[in-house]
Amino acid sequence: MHQREKRLNWIVFTVLTVFAIIVFFPLYITLVNSIKSYNEVVSSVASLPSTFRFENFKTVWNQLNFGGVLMNSLIITVVSVVGILVISAPAAYQFVRRPGWVSTFLFMLILSALVIPFQSLMIPLVKVASDLHIMDSIPGIIIMYWGFGIPLAVFLYHGFVKSIPRELEEAAMIDGNGVVGAFYRIVLPLLKPVTTTIAILHSLWIWNDFLLPLITLSSEKNRTIPIASSVYFGQYTNEWHLAMAALTMASIPVIIFFIFMQRNIIDGITAGAVKG
């Protein structure tokens, strides 16, 4: 029995090691090639560099005005995610706690946006945004992200709110809280796991999104990191070493975000699995 358990542990360890290598290999390729010369990248993608060319990062910083595009990406991502959370949580709470045909209709109407391909909305989106004069503006793209991000957030909040006993809110109301007070003091803290999950999903999506900024942000001052980094991918040549340096620099804020949110991420995933 002991030998069988030991063998099983080795198999699990080997499988997990293989998965870890598969996951970290793209990160290794990106990091290693970010400190190579162009010729070294072209000759061998996976080899270690002969000399560490940290000047690639300096070149990217100066050529892309990386401080500016980093700030644009940060503002767009943070404000968009906060707005999605602030709007979606109370909306889902109302849909669950005030059932009826109006709530059902609005909920289904919001969910229907999840099945519409973004590509089919591109032309109408640009037309409406132009009419509203929110093209090529950071507040404008934030509003668009609210529209595209709220359906999934409402869907996830909706399922989570249904699992919260109504008796908790009734007890809070007996203590003198109104509906708003019961939501913010009782329900909202219980939504922390799903809030963390939604924040992670939407942060990664908005931070790495390329298509929506490409069609809505045309001026150089409003570029995000993915749009700015695309200058290294041309029709006839690609500056792989600088592109990898830009991608490495773009991933640093995401890594810092994961380090600080690590405990909440695990709690959120665990709670989501239990609720599911």
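A nonpolar patch here joins Val, Leu, Ile, Met, Phe, Trp or Tyr side chains within 5 Å, using residues with over 30% relative accessible area and no salt bridge (a side-chain nitrogen of Lys or Arg within 4 Å of a carboxyl oxygen of Asp or Glu). The model is predicted, so local features need pLDDT of at least 70 and side-chain atom pairs pLDDT 80 or more, while totals for chains, interfaces and linings use all residues. Residues count from 1 along each chain as its sequence is written, and side-chain values use heavy atoms, without hydrogens or water.

**First stop: the patch.** Select Met 71, Leu 74, Ile 75, Val 78, Val 79, Val 82, Val 86 and Ile 87: this nonpolar surface patch has about 630 Å² of accessible area together (Shrake-Rupley method, 1.4 Å probe). Now pick out Val 86, in helix H4 (residues 66–97); helices are DSSP runs of H or I, at least four residues. Val 86 is exposed, at 54% relative accessible area (exposed means over 50%, buried under 20%).

**Next: Ser 34.** Move to the loop between helix H1 (2–33) and helix H2 (38–43), where Ser 34 sits. Ser 34 is buried, with a relative accessible area of 0%. Show its contacts (heavy atoms within 4.5 Å): beyond four places in sequence, Ser 34 touches Arg 53, Asn 56, Phe 57, His 241, Met 244, Ala 245 and Thr 248. A polar atom of the Ser 34 side chain also lies 2.5 Å from the backbone oxygen of Leu 31.

**Last: two annotated segments.** An unreviewed UniProt entry gives transmembrane regions including 7–29 and 182–207; such annotations may be inferred rather than shown by experiment. Residues 7–29 are 100% helix and 0% strand, with end C-alpha atoms 33 Å apart. Residues 182–207 are 96% helix and 0% strand, with end C-alpha atoms 33 Å apart.

Conventions:
Helices (H or I, at least four residues) and strands (E, at least two) are DSSP runs, numbered from the N terminus. Buried means under 20% relative accessible area, exposed over 50%, partly exposed in between (1.4 Å probe, protein chains only). A polar contact is a pair of N or O atoms within 3.5 Å; within protein, one must be able to donate a hydrogen and the other to accept it, and residues adjacent in sequence count only if both atoms are side-chain atoms. Patches are made of residues with over 30% relative accessible area and no salt bridge: like charges are joined within 9 Å, nonpolar side chains (Val, Leu, Ile, Met, Phe, Trp, Tyr) within 5 Å.
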